[in-house]
Amino acid sequence: MGRVIITEKPSVAETIALAIGDATRYPTHWETKSGYSITWAVGHLISLADPADYNPAWKSWDPRHLPMLPPKHKWVPSDAKAQERLNEIHDVIVAAKPTSIINACDAEREGEYIFRLIWAELKLEGKYPMERMWLRSMTPDGVQRALSAIEPGDKYRNMAVAAAARAMADWTIGLNATRAATNVLAKKGEREVWSIGRVQTPTLAIVADRDSERKAFKPSPFNKVHGTFTTPSGSFAATWQSPSPENSPTITDPAIATAIAARCLQQPAVIQDSVKVEPRDPPPLFDITTLQRYANVKLGWTAAQTLRVAQRLYEREKVLTYPRTESTALPEDYEPEAQRVMDSLTKQGYPTRLAPPIAQTHNKGRIFNNKAVSDHFALIPTGSPLTTTDPDTKILYDLIAMRFIAAFCPPEKVAVIDRTVAVDNPDRSE
């Protein structure tokens with residue numbers, strides 16, 4: 001007797017098995033000499049039933065059957081391959097006679113949902129204790145830490161409930177609205193299916209509304225007066241601004257713009273600089289959203305491309321913590337681990353000398369903050385060196401490693417210079 005671990009993907013099962021050690025690979029699972037049987041799902045094995053599974057009449061798209069509101073939603077195996085995998089998981093459990101079953105699916109809402117559906121489909125409730133392995137890092141050390149911190153399965157029950165509620169909302173809104181819209185538009189000659197979704201349709205509406213605003217925009221021409229000024233130390237450019245409180249640089253009347261330019265041409269000027277030195281805090285650690293935005297600006301990548309490469313860095317390369325995080329902070333007890341990661345980046349050739357030792361970081365309260373950590377902490381390197389030569393993987397890892405170093409750097413001092421140029425023109429009375 002031992003324990004059965006169920007993962008979301010075969011690759012994660014392999015990672016856990018190899019981290020535990022003394023593991024043997026079988027067609028449907030891994031077994032370790034220490035008593036673990038590790039098997040896997042392949043994503044979502046179980047889905048909400050089709051409309052016809054509730055009521056045969058709902059197979060028709062006849063609008064008289066709308067809205068379709070089942071008294072209770074049902075979940076069924078997604079297809080024949082999913083049913084086969086469920087049978088294999090069941091057989092692994094029966095053969096192992098485990099003392100408990102450990103959920104090691106992805107450490108997020110959907111991972112919790114996937115496991116709970118398997119649990120319900122195989123009718124495991126009451127037969128075995130449920131436990132949770134919360135994997136933040138795919139390195140061997142990360143797996144060992146997660147194994148040593150196994151938690152009761154009920155701790156994350158509400159995450160599965162939230163995922164199920166979202167799935168039921170998607171089903172109810174998506175299927176009913178899609179059929180309703182398609183039926184209405186069919187009367188106007190449309191022959192395509194018009195997909196309506198709980199999330200996709202409001203999102204598309206935002207894009208469509210913004211596009212309509214841009215198309216309706218009517219440009220209004222304006223002018224600006226630019227000047228180049230020469231000093232003993234060099235030349236610089238400046239833009240005229242009105243003396244009004246708004247200090248607007250735009251001039252709607254071209255005649256006025258021409259007159260201002262003529263008045264200033266080849267005239268002496270008085271230059272006055274106001275210098276203010278401002279401290280600027282280093283950037284926070286990445287969460288997945290800020291990483292996607294940053295990669296879009298720096299690399300021109302789409303959000304999907306960034307997530308795909310980040311997932312590869314986490315799952316296959318094992319050099320990144322869990323990427324689908326909404327946190328930009330680390331747990332308060334993570335200082336020693338952060339220093340270990342920093343030391344590892346030093347060995348990898350990154351310029352960590354720019355940052356002080358972690359214990360001397362000026363903004364530790366912002367970086368190490370339990371209240372700012374949700375289900376996962378910030379997205380950071382694990383400390384394992386990246387060995388792949390894939391350029392996309394390397395460049396994204398570099399961005400994340402450099403952001404990690406930057407977050408621990410002292411504030412930079414930025415000199416903000418406000419330069420005012422007043423043109424002296426005593427020959428003109430206006």
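Glu110 is buried, with a relative accessible area of 17%, where buried means under 20% relative accessible area, exposed over 50% and partly exposed in between, with a 1.4 Å probe and protein chains only. The model is predicted, so that local features need pLDDT of at least 70 and side-chain atom pairs count only at pLDDT 80 or more, while totals for chains, interfaces and linings use all residues. Residues are numbered from 1 along each chain as its sequence is written, and side-chain values use heavy atoms, with hydrogens and water left out.

Glu110 lies in helix H4, residues 109–121; helices (H or I, at least four residues) and strands (E, at least two) are DSSP runs numbered from the N terminus. Its side chain makes a polar contact of 2.3 Å with the side chain of Arg166, a polar contact being a pair of N or O atoms within 3.5 Å, of which, within protein, one must be able to donate a hydrogen and the other to accept it, and residues adjacent in sequence count only if both atoms are side-chain atoms. Apart from neighbours within four places in sequence, Glu110 is in contact (heavy atoms within 4.5 Å) with His44, Ala163 and Arg166.

Ser137 is another buried residue, at 5% relative accessibility, and sits in the loop between strand E8 (130–132) and H5. A polar contact of 3.2 Å joins its side chain to that of Thr139, and, not counting residues up to four places away in sequence, Ser137 touches Gly142, Val143, Arg145, Tyr314 and Thr382.

The largest nonpolar core has 60 residues, of which Ile16, Leu330, Leu396 and Phe408 touch the most other members; such a core is a set of buried Ala, Val, Leu, Ile, Met, Phe, Trp, Tyr and Cys residues joined through side-chain atoms within 4.5 Å. Among the elements that each supply at least two residues of this core are helix H1 (10–20), strand E4 (36–40), helix H5 (140–148) and helix H13 (391–407), and H13 gives the most, with eight residues. Leaving aside residues up to four places away in sequence, the contacts of Leu330 include Leu285, Ala338, Phe368 and Ile380. A second, separate core of 31 residues includes Tyr54, Ile89, Leu124 and Trp171.

At the start of helix H8 (residues 254–264), a side-chain oxygen of Asp253 comes to within 2.9 Å of the backbone nitrogen of Ala255, and just after H8, Gln266 takes a positive phi of about 60°. Val275, in strand E12 (residues 269–280), is exposed, with a relative accessible area of 56%.
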